[in-house]
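Let's take a walk through a protein model together. Have a look at the picture first, and then we'll go through it piece by piece.

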Amino acid sequence: MSSDGTAGSAATHRPSEAEWVLSNLGSRIRELRKNRGMTLAELAEQGGYSEGYISAVETSATVPSLSALSTLAAVLRVDVSALFPREVEPEVTVHRADAPNQLKLSESSAESYSLLSSRLDSPSYTALRHEFTAIDASATYRYLGERFCLVLQGEITLSFGSEKFSLTPGESLHYSSHPEHALSINHGIDNVEILWIVTPALVR
């Protein structure tokens, strides 16, 4: 019986680390913005977003994509890893196939990210499984570092200025991230799954 007199469940739900990260992500962005002396309007303008969108991100009403996070991190002059608060640092982490540790996912989103690597004190990389059915082709990444991309399902194109590289399942690409590069789904493809290895680590 709970303290309010209602019957409680047999076991109390403990939020997963991914759920905990999502619930604290917005407040972390707000904290960094205020530390920089920036207003909502300034962060929105420099990032290319509306003030309402930034407000929704900071209040956790909206879950930003990884590309949006990389843009906000660039504007705030921090590594993307600085946006992710930490609760625990397990020495060994196992992610089961039937219970992925989804890092970013909203009910209306066509994209989801599952964190595959552990959150250690000084990780050298982050491993992510990126699954999506649609993506905004105009969205650009501004993350600096190295990335390894292995296509598991579907077909994609990575664009670096005038250079474009199309990848099919089993094909990979390793690159030093440019200030701006874009990812798009090839025409006629419904579902895409990618394995990303990113360094320096996105999540610490």
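The protein averages a pLDDT of 77, and 70% of the residues score at least 70. Confidence is highest in strand β5 (residues 146-153), with a mean of 94, and lowest in strand β1 (residues 102-104), at 55. Over residues 1-15, pLDDT stays under 50, and the model gives this stretch six contacts beyond four places in sequence. Where pLDDT is low, the predicted coordinates should not be read in detail.

Now find helix α2 (residues 40-47), where Leu43, Ala44 and Gly47 are buried. Looking down the axis of α2, you'd see these buried residues fall within an arc of 100°, so they line one face of the helix. An α-helix has 3.6 residues a turn, so residues three or four places apart point the same way. Just after α2 comes glycine 48, with a positive phi of about 85°.

Next, back to β5, which pairs with β8 in the antiparallel sense over five bridges. Phenylalanine 148, for instance, has histidine 174 in β8 as its bridge partner. That histidine sits on the uncovered face of β8 (residues 172-176) along with Ser172 and Ser176, while Leu173 and Tyr175 make up the covered face.

Finally, the largest nonpolar core has 38 residues, and Ile29, Leu83, Ile156, Leu158 and Trp196 touch the most other members. Helix α4 (residues 66-76) supplies the largest share of this core, six residues. Zoom in on leucine 83: leaving aside residues up to four places away in sequence, its contacts include Leu25, Ile29, Leu69 and Val78.

Notes: Residues are numbered from 1 along each chain as its sequence is written. This is a predicted model: local features need pLDDT of at least 70, side-chain atom pairs count only at pLDDT 80 or more; totals for chains, interfaces and linings use all residues. Side-chain values use heavy atoms; hydrogens and water are left out. pLDDT is the predictor's confidence in each residue, from 0 to 100. Helices (H or I, at least four residues) and strands (E, at least two) are DSSP runs, numbered from the N terminus. Contact means heavy atoms within 4.5 Å. Buried means under 20% relative accessible area, exposed over 50%, partly exposed in between (1.4 Å probe, protein chains only). Two strands pair if DSSP finds at least two bridges between them. The arc is that of the directions from the helix axis to the C-beta atoms. A nonpolar core is a set of buried Ala, Val, Leu, Ile, Met, Phe, Trp, Tyr and Cys residues joined through side-chain atoms within 4.5 Å.
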